[in-house]
Amino acid sequence: MSETFRQTAPKSLGVVPFNVPNPFKSKLENGLKIIFIEDKRHPIISIRLAFRSGDINDPADRVGLNSAMAEMLSEGTENYSSKACAEEIERLGAHLSASAGSDNTIVKASALSMYTSEIFDLLVEMVLRPTFPASELDLYKQNTIEGLKFQRSQPDFLADEQTARIIYGGHPYSVHSPGAEDISKITRDDIAEFHKKTFIPNNATIVVVGDFESESLLKQIDASFSDWKADEILQAPINPLPSRNRRSLTIVDRPGSTQANIILANLALKRNHPDYFSVLVMNQILGAGASSRLFMNLREEKGYTYGAYSRIYSKRHAGSFEATAEVRTAVTDESLQEFFSELNRIRDEKASDEELTDAKNYLTGVFPIRAETQGGLTGLIVAQELYDLPENYLETYRDRVREVTLDDIQKAANKYIEPEKLAIVIVGDAGEVISQASKYAESLEIFDTEGHPKKIDDYKPDDKLETAQVAGEWELGVEAMGQKLPVTLILTQNGDSVSGKLESMIGEGEIANGIVAGNNFSAVAKTKFQGQDTELGIKGKIEGDSMTGTMSNSMIPMPMEFSGNRK
């Protein structure tokens, strides 16, 4: 049988039509907007009750209040305890939850269409009659505070926290997460009052997609929500966004970290800006996927990282551009150099026709897939409503993408990527990163993982110290999971450069590019862990024939302390 057909790629099937059914729209006298789309293909219903208030509406002295309210909605109502509500949802085989975001708070429900009336009644109960029990609030606060402790061990959380603070300044978007002290202050009365002010019908839209009868459901909505009183809409304190005129470098110090989490960011555009589609296509070429320029450069060509990306965060009032990667600490300098090279290239040179075609094909091809499910379509309609997008936004999405030209991409890059004004945020070992990254910025600040500022002078090398001698065989004990793991370092030294090998009961590793600065020693050991190649970062302080320090790995949340002596 001939195999020649394998030598030619199959022809494209062409553009798949994408049509959104005409929605039914209405509004109650209290201001609640209603959007229905009947879809009889599957016996399922999806409901979203979306409020145009979010975390940015938190009072200044009650950060985290909106998120707490959203989480507490299902923890007890006038007619259901937390357990009873969960059991009723399980009995129906349904889903019912609330989620909080920066701009919006959304109550979601889905169920088989035969249970439309029951799941809608539960949604109404959660929205209009929550009781916010004190016992459940105490449990929420305990769990949230413990969760915050874990988050502070995650470098991506720390990087996002600092980026938001720098980019948004005094704007409410600058608050990435509440702190433990913020959560501790929240009371039941705070939540109940906030719920009363924000969960109002004239600031909400209910979207229903699925197998239901519009006339019957409209009657149920009217009966359930007609006594819900409109009120004055709580406005968020939208302070002016900060202006930037130079690059800055912010380092979050994680001593012993073998990786540097890098974010380069500047302000960009809000979600309904006319330039959105030009920026969307530009970003697809630059760093939105595995075939983008950043990914192909930093990962495929240079091998600095598992992935390098760029992204656009567009919210209701503002947005940001970010380029990001997690790289080996030793190549922080080289990685920044490649980032700036690519950011300048997309501004200075037009993209190719092939890049433009590939980006458009991907964006127009993947968009209909997002609307394949009821939940996906419902989410798109909710976003269209909450972010004040045009009435025909979904129907014209692919046309708007196709209209973008090479000139549009270059204009968007020059307008929304500002290499000379970027905020550079790096989470990693400050002692290792400063010398590599400081030349890229005009200002420097350092924080610990709790967000407290550190003195920069504490990280400058002491030129008066003589270079310590680390050559020899070191017997170390490493604290790991409550045990002391014996590790041997066999080191050779040439000036301030160190190489050698690591031996332990779980494997061996090669040490290269080690450095001694005064009495401080740092190196990376390439070894295997559970059959996979990995890197172990070593930071030590030499005192004669004694060494103390930490060892760290990207798979281990916190550095492991060690101590030992030279044989």
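1. In this predicted model, helix H5 is the element that gives the most to the lining of the second largest pocket, with 5 residues. H5 covers 155-168, and both H5 and strand E10 supply at least two residues of that lining.

2. The second largest pocket has a volume of about 630 Å³. It is lined by 29 residues, and those closest to its centre are Pro172, Tyr173, Ser174, Val175 and His176. By class, the lining of the second largest pocket holds 13 nonpolar, 11 polar and 5 charged residues.

3. The largest pocket has a volume of about 1,400 Å³. Its lining counts 47 residues, with Asp429, Gly431, Glu432, Ser522 and Lys539 closest to the centre. Two or more lining residues come from each of helix H16 (430-437) and strands E17 (507-517), E18 (520-529), E19 (532-543) and E20 (546-552). The lining of the largest pocket divides into 17 nonpolar, 17 polar and 13 charged residues.

4. Strand E10, already named for the second largest pocket, also belongs to an open sheet of 7 strands. The order across this sheet is E9-E10-E8-E11-E7-E12-E13, and the pairing is mixed. Strands E9 (305-314) and E13 (453-454) stand at the edges; each has a single partner strand, so one side of each is left without a neighbour in the sheet.

5. Within this sheet, strands E7 (residues 248-253) and E12 (residues 444-447) run parallel and are joined by 4 bridges. In general, the strands of a sheet pair through backbone hydrogen bonds, in either a parallel or an antiparallel manner.

6. Helix H10 (residues 293-301) lies across two strands of the sheet, E9 and E10 (319-328). The angle between H10 and E9 is about 155 degrees.

7. Which residues of H1 and H7 meet? From H1 they are Leu65, Asn66, Ala68, Met69 and Met72, and from H7 they are Asp190, Ile191, Phe194, His195 and Thr198. The residues of this contact divide into 6 nonpolar, 3 polar and 1 charged.

How values were computed: Residues numbered from 1 in each chain as written. Predicted model: local features only at pLDDT ≥ 70, side-chain atom pairs only at ≥ 80, totals over all residues. Heavy atoms only, no water. Pairing = 2+ DSSP bridges. Contact = heavy atoms within 4.5 Å. Axes fitted to C-alpha atoms, helices over the stretch in contact; angles between N-to-C directions. Nonpolar A, V, L, I, M, F, W, Y, C, P; charged D, E, K, R; others polar. 1 Å grid on protein atoms, 1.4 Å probe; cavity = no way out; pocket = protein on both sides within 12 Å on 5 of 7 lines; lining within 4 Å. Points joined across faces, edges and corners; volume = space filled by probe spheres on them.
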